[in-house]
Every structure is written in structure tokens, then in C-alpha cells.
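Morning, everyone. Please have the sequence and the structure open while I talk.

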Amino acid sequence: MGEVEVIHLWSTPRSLSTSLMYSFAQRDDMEVLDEPLYANFLRVTGYDRPYREELLSKMEPDGNKVIKEIIFAPGEKKFRFCKHIAKQKVPGLASDLMKKGRHFILIRNPLDILPSYDKVIPASFSELGFSELVSIYNELKELGRLPPIIDAAELQKNPEATLRGLCEELGIPFQHKMLKWEAGPKAIDGVWAPWWYKTVHRSTAFEAPRKYPLVYLPVPANEKLLAWVGDEILPRDSAKVSVFDSVVQGGDSVWEGLRVYRGKIFKLDEHLDRLFDSSKALAFQNVPSREEVKDAIFRTLIRNGMFDNAHIRLSLTRGKKVTSGMSPQFNLYGCTLIVLAEWKPPVYDNSSGITLVTATTRRNSPNNLDSKIHHNNLLNNILAKIEGNNANAGDAIMLDKDGFVSETNATNIFLVKKGNVLTPHADYCLPGITRATVMDLVVKEKLILEERRISLSEFHTADEVWTTGTMGELTPVVKIDGRVIGDGQVGPVTRMLQNAYKKLTEESGVPIPTYTTK
């Protein structure tokens, strides 16, 4: 055992600091410590972590004891690499921490840090510790020990050149073995590794920066979902259809959206009625039976454990073709059934309401393609949705060929004027099941319901407006084309019907058969 020269790395979280620790651990002259001051940080600040108790029981919580007896303790190798997170340098730590050893700083673009950090702990200015990193730089500068600074993006882009330059500035020889390590957990990992090191454990080297940022799922639990495709249940990443499937070749498919509430599927039979009507209208052949479709739905929900707050995208394609082309004569294998169940709360703000704009894209006429066929070819709607997105609106209103309101790109639409409820005829739009449900509720609440052609200005001047759909349920609209609807708040009729709809979803639906526990 002899005196060890300590190399201190200071960084914010999610900055490739663990990859650097693994890199330095490959050297034959280096031992490493993973955030040795973490327990002291939790003790002093009181911050909560999923692993707080385990960490405090396994690591020394006295920061000054860590500095004296662990960081600067004698060792068997020439160097000791200490990975530090800047915010863990809390007041009261011995000055030796900064005065001794060789220091360098790792920086990373905050936009690359925030998404992954927020998956474990909500990100905040204090949690990320950028100000502490600047303070560390200034303190080292005042001590006359200006630290080398490396950028994570440069490290990813050209790891060998960056590491060679860093080693030169630290006064240590570069070793080529710093460029590779084995995948998987390491003995040097801190107890927090299962929460934070999932990605780095899959790595074996510094990876090139992504041209586009990682996309994180809106609901992380859906990462491991199982989907029904054809006649089997498959993991998310394996749930695929053939390139010869009709939905790929021409959007030749029909679909339904269903919701699951408290162990029951709401309006299941009504949705299946429409699915089979749509498939008949498109002359599908070899269609699975109603019981086969139900069985696939139930099996998918049960295998995923989805019994509440879930949404099902049910699709039935014309099936796989023997060769590419438009003609249904090439479909010799029968239909392809897809059951995609996801954890998915209502997709709109049903508490405060949304804004709408009017799209220039007109709703399909039955002269061209009848919207009563619930088909997958949604380009007409998607073009309108693009207009809504460009206007930063929740959705876009679509007019019919004569300029009357039809629906939005995704939902049916209602208005209230002087206590009367109005909704457009379903001539150009899909007569939605949620629409029909809300129309029944309007009648039950003894309100006057009128179904007729409605002009856009009538929506602009309405007292209340809402949209309906399985994905979003009953959603208030507070502004259309810059015009405030009513007083800009969710109206009393809207709120009453929301409550009635909620009660109905709690009381009705087709139960999901499950095994009973003895």
C-alpha cells in the first residue's frame, strides 16, 4: 500500500461520467470510486431517492471521513479515479478535497440531460447542479489549478483524441484499453446503478452522438407491452406485420378504438358491430369471427395486466398479399387481426379545455370515400391535424364541401346555445360511438338536442363547445380560431355531461374474464 494520486472528475448527472469511470477503470494503474460523497450529500440535504436507505446503510455518510479515509487513503495502484457529481460538493467539506489531486470537468448540453434524468427524478435547477459545477470551476481557478474541461459531445465524436488530450493535460500516459469495456453491471457501480445505469450497462465503448435525440415513451410502462398480431401475442419490438400486408400496401384496413375502465371494456359490442360493418363494406374475405376477436382482445389485456385506464387500438387488415399490388385478388391468406393495448389516459385536457382552429382541408364526401367506413386510410384527417399542429391547437375543425362544420380531425363536435345542444349531421363524418352515447345522455338530462347542418360562425358564437371520442372522452373547447367560447371556462352543461359520462363508464361495459385466485 502506498500513496495514491487522485484524479477527480466533476460533472452534472447524465453527462457520460459513468462511461468515463468505466474507461479509466480499464487502466492497469488505476482504481476507481463511484460518487464517494453521495451518502454525505443525502445526509446533509435530506434529499429523497428510491435507494436512499440502502445507500446510507452501505456507504460512509460522513463526508470528511470519506475524504480522509477513502478518497485520499493509501492504495495499491498509482492512481485513484473519483467520479463526483457537482451538487454533492456541499458546504463543510475539508479543503483538501479541492487542494489535492488532479481535477477535470465534464460538461454536456442540458437538452441531452433532461429527458433521461426526468425518468427517475423530476429535473430541477438544484437537482442538476449546473451552478455548483460553475462554482467548482471558479474555486479551482482561484486556487491556481485551472481544470481541463471536456465536452461530452466531443468525447462521443472522437473518444481517442479526446482521451489522449485529457491524459496529456492530467499528466498521465494514455492507454488504448480506455476505449473499450465489457457490457453489464460492474463491481465498482454504486448501489444506485439499477436506477441510473441501464443504458451505460448496454454499452462497451463511447458511442457516437445521436443525430436525433432519443424519443422517450409518453407512458414508460408501455415499453414492455405485448400486442396481438395475426394469431399470436408478441413483445412490442417483435409485433410487426408483413411488408405484403394490405395495411402497408394501401392502408387497406379497418379499426376501432376502445377504452378499459375498472375491469370492463366500454361499448365493446357497439365497436365490434362497426368493425364488422366496415369490413363488410370493404368486401373483406375470411374475416375472424366475433368470438375470435373478443378472445384476442381479452387475452391481450390479461397478458398485459391492463384492467383500467387503458386504450385498445383494434385493427383488422385485409391481410397479406401473395405479391405487391392493389387488387384484393392477391389476398389469399385471410385477414390480419391486430390488438394494440396501451396504458393511455385521455389524450386531451378535459379539465381546462383545448383550443381548435379551422383547417382548409375539407372532410371527405361520401361521393369519394364514405366516412361511415371506419378505415385506416386517414390521410384526409392527418392533413387537417398538421394544420392544427402548425397553429399549436389541440385539433382542427374540418368543414364539409359546402362549408358547414363536419367534425374535427379526430373527434365529433357539439355546441350549446341558449341551453340547447346541437351537433352536425353525420353525413360527412363518422357517427362516433362516444357521440351517440353523449347524445343519449343529453336526452336523459332532458336537454333539447338538435342534429342539423351547423355553420362555423355558430361554433364561434356558442356558449359552450365540446368534442367526443373514445381516445379523449368528452373534451371542453375554450377557443376556436382565436374566438373565446363563452367565458373561456368549462361550461355547466359540459361539466354535467362529463360527470354523467364518467358515471356511465363506471357502471357499464363488458367484463374482462380473469382467473380467480383461490
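A quick definition to begin: a helix here is a DSSP run of H or I with at least four residues, and helices are numbered from the N terminus. Keep in mind that this is a predicted model.

Now take helix H17. H17 covers residues 433–444, so by that numbering it is a helix of 12 residues. From its first C-alpha to its last, H17 reaches 17 Å. That is close to the 16 Å expected at 1.5 Å a residue. Which residues in H17 are buried? They are Ile433, Thr434, Arg435, Thr437, Val438, Met439, Leu441 and Val442. After H17 comes Lys446. The phi of Lys446 is positive, near 60 degrees.

Next, Ser371. Look in the loop between strand S12, residues 354–358, and helix H16, residues 379–390. Is Ser371 buried or exposed? Its relative accessible area is 5%. The cut-off for buried is under 20%, so Ser371 is buried. What does Ser371 touch? Leave aside neighbours within four places in sequence, and Ser371 is in contact with Arg363, Asn364, Tyr428, Cys429 and Leu430. Look at Tyr428 again. Its backbone oxygen lies 2.9 Å from a polar atom of the Ser371 side chain.

Last stop, Glu3. Glu3 sits in the segment before strand S1, residues 5–11. Its relative accessibility is 78%. Exposed means over 50%, so Glu3 counts as exposed. How many residues apart in sequence are Glu3 and Gly75? The answer is 72. In space, C-alpha to C-alpha, Glu3 and Gly75 are 6.4 Å apart.

Methods: Residues are numbered from 1 along each chain as its sequence is written. This is a predicted model: local features need pLDDT of at least 70, side-chain atom pairs count only at pLDDT 80 or more; totals for chains, interfaces and linings use all residues. Side-chain values use heavy atoms; hydrogens and water are left out. Helices (H or I, at least four residues) and strands (E, at least two) are DSSP runs, numbered from the N terminus. Buried means under 20% relative accessible area, exposed over 50%, partly exposed in between (1.4 Å probe, protein chains only). A polar contact is a pair of N or O atoms within 3.5 Å; within protein, one must be able to donate a hydrogen and the other to accept it, and residues adjacent in sequence count only if both atoms are side-chain atoms. Contact means heavy atoms within 4.5 Å. The expected span of a helix is 1.5 Å times one less than its number of residues.
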